[in-house]
Amino acid sequence: MRLFDLQVNGYLGVDFSSDTLNAQAFRDVAHALIDHGVTRFLPTLITGFEVCYKRNLALLSDVLDRDDELRAHIPGFHLEGPFISPEPGAVGAHPAAAVHLPDCAYFDRLNAYANGRIKLLTLAAERPGAVELVRHVRATGCAVSCGHQLATAADLARCADAGAQALTHFGNGIPNTIHRHNNPLVAGLCERRLLILFIPDGHHLPIDFLTMLARIIPASQLIATSDASPAAGLPPGRYHVLGNDAILEPDGKLHNPEKQCLVGSSATLVECAAVLQSLGCFSPAEVEQLCWSNPCRLIGLDAAAHGFAAE
């Protein structure tokens with residue numbers, strides 16, 4: 001099965017957002033992830049300060065310039081932040097101190113560091129300037145997804161009007177306790193212009209929630225992502241990942257007990273696809289749609305091509 005993961009934060013102990021990331025480590029784990037079965041993926045940088053973005057985006061882009069094989073599997077990068085909500089729960093495992101208000105000039109600098117390779121941006125729809133940033137980013141050809149937010153239905157509608165296309169890891173990146181009616185989950189389900197990105201790793205969302213998505217949302221509107229953390233592929237234990245002191249439990253749950261939040265996933269999209277298959281809610285063709293053709297469509301790639309020609 002072909003798999004395209006729009007969110008890989010790291011793998012086998014290598015953190016793409018770390019200020020100690022080096023080119024050889026990135027190259028090694030990228031090839032390892034491909035060998036594991038992930039056909040395409042977007043290396044993802046979470047919320048950070050500009051000095052780290054400048055260093056790491058340039059480093060990742062330089063590796064792709066020098067490695068033809070990796071360039072055939074990595075069409076670009078996902079920037080998850082820094083334009084997200086700083087509020088507890090919504091900010092999740094991201095460092096709140098590094099959150100930045102939506103800023104078109106700042107995005108342009110980050111994309112320049114990446115040599116124009118940012119293909120997906122996640123931002124919070126309710127933040128001041130979000131609509132203007134969505135419109136600006138979409139004009140560059142980059143896809144926009146809304147997440148790590150406390151957005152209302154009106155916020156999401158305004159961003160969808162401006163060109164936003166999706167919701168990042170739906171059902172996560174929100175407080176543990178929310179209003180029973182007026183909340184980002186209901187707002188997201190009602191805004192049918194936005195594709196739903198979700199994490200079927202067996203921990204981010206309970207099986208009943210996954211079954212609900214399968215029952216009420218057409219397969220054409222769903223995208224599975226792994227949110228793989230640097231601890232993905234490692235044995236149970238304690239790790240410092242994505243700026244968090246986290247515990248990887250024997251069952252695969254990766255969490256920060258102090259913040260009471262997950263810290264990405266210990267799974268790759270290979271394992272997530274297996275969870276989807278085990279549900280019995282999706283046909284094999286639909287699983288491939290969720291894990292391949294829909295991600296390709298979101299960022300404008302040809303799902304049928306071996307290369308990365310735009311549709």
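**A histidine, the spaces and the sheet**

A: A polar contact (N and O atoms within 3.5 Å, one able to donate a hydrogen and the other to accept it; sequence neighbours count only between side chains) of 3.2 Å links the side chain of His169 to that of His148. The model is predicted, so local features need pLDDT of at least 70 and side-chain atom pairs 80 or more, while totals for chains, interfaces and linings use all residues. Residues are numbered from 1 along each chain as its sequence is written, and side-chain values use heavy atoms, with hydrogens and water left out.

The side chain of His169 also makes a polar contact with the side chain of Glu80, at 2.7 Å. Beyond residues up to four places away in sequence, His169 touches (heavy atoms within 4.5 Å) Gln7, Glu80, His148, Leu197, Phe198, Ile199 and Asp227. His169 has a relative accessible area of 4% and is buried (under 20%; exposed is over 50%, partly exposed in between; 1.4 Å probe, protein chains only). In the chain, His169 belongs to the loop between strand 8 (166-167) and helix 7 (184-190); helices (H or I, at least four residues) and strands (E, at least two) are DSSP runs numbered from the N terminus.

Glu80, in strand 5, is the bridge partner of Ile46. Strand 4 and strand 5 (residues 77-80) pair in the parallel sense over 3 bridges; pairing takes at least two DSSP bridges. The open sheet has 8 strands in the order 1-4-5-6-7-8-9-10, with parallel pairing. Strand 1 (4-8) and strand 10 (222-224) are at its edges with a single partner strand each, so one side of each has no neighbour in the sheet.

The whole structure holds 2 cavities of 30 Å³ or more (on a 1 Å grid over protein atoms alone, a 1.4 Å probe fits but cannot get out; lining residues have an atom within 4 Å of a point).

Pockets are open sets with protein on both sides within 12 Å along at least five of seven lines. The largest pocket holds about 580 Å³. Its lining has 31 residues, with Asn172, Gly173, Ile174, Cys261 and Leu262 closest to the centre. By class, 13 of the lining residues of the largest pocket are nonpolar, 14 polar and 4 charged.

The second largest pocket holds about 410 Å³. It is lined by 22 residues, and Ser17, Ser18, Asp19, Thr47 and Cys52 are closest to its centre. Strand 4 (40-46), helix 2 (50-66) and strand 11 (237-241) are the elements that give two or more residues to this lining. Helix 2 gives the most, with 4 residues. The lining of the second largest pocket comprises 11 nonpolar, 7 polar and 4 charged residues.

Terms used: Grid points are joined across faces, edges and corners, and a volume is the space filled by probe spheres set on the points. Ala, Val, Leu, Ile, Met, Phe, Trp, Tyr, Cys and Pro count as nonpolar, Asp, Glu, Lys and Arg as charged, and the others, Gly among them, as polar.
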